[in-house]
Amino acid sequence: MPKMRAKSDLPSKPCRHCGRPMAWRKAWARNWNEVLYCSDRCRAEAARLRRDTSTSHSSKDHA
Ligand SMILES: [Zn+2]
């Protein structure tokens, strides 16, 4: 018989952007493996940074 999961037993992982540990949330039950960021803000920031770096080879010439 599988034991009931204790709350402290919930999975957690660091946010890919800010590195803060984020605890499993029920809302993420379906896509926990795809959750990379602790918040929409981190996801937006990371997306912005990624876009900046991917286009940096053209803007670097100006810097
Ligand atoms: Zn974060």
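## W32 in its loop

Let's start with W32, which lies in the loop between strand 2 and helix 1. Helices (H or I, at least four residues) and strands (E, at least two) are DSSP runs, numbered from the N terminus. Please keep in mind that this is a predicted model, in which local features need pLDDT of at least 70, side-chain atom pairs count only at pLDDT 80 or more, and totals for chains, interfaces and linings use all residues. Residues are numbered from 1 along each chain as its sequence is written.

W32 counts as exposed because it has 12 C-beta neighbours inside 10 Å. Leaving aside residues up to four places away in sequence, W32 touches P11 and W24; contact here means C-beta atoms, placed from the backbone, within 7 Å.

## R25 in the loop

R25 sits in the loop between strand 2 (21-23) and helix 1 (40-54). R25 has 12 C-beta neighbours inside 10 Å, so it counts as exposed. Its C-alpha atom is 8.7 Å from that of L10, a residue 15 positions away along the chain.

## The whole protein

The protein has 2 helices and 2 strands, arranged as β-β-α-α along the sequence. Of its 63 residues, 3% are buried. Among contacts between residues at least 6 apart in sequence, 20% join residues at least 24 apart.

Terms used:
A residue is buried if 20 or more other C-beta atoms lie within 10 Å of its own, exposed if 12 or fewer, and partly exposed in between; C-beta atoms are placed from the backbone. Two residues are in contact if their C-beta atoms, placed from the backbone, lie within 7 Å.
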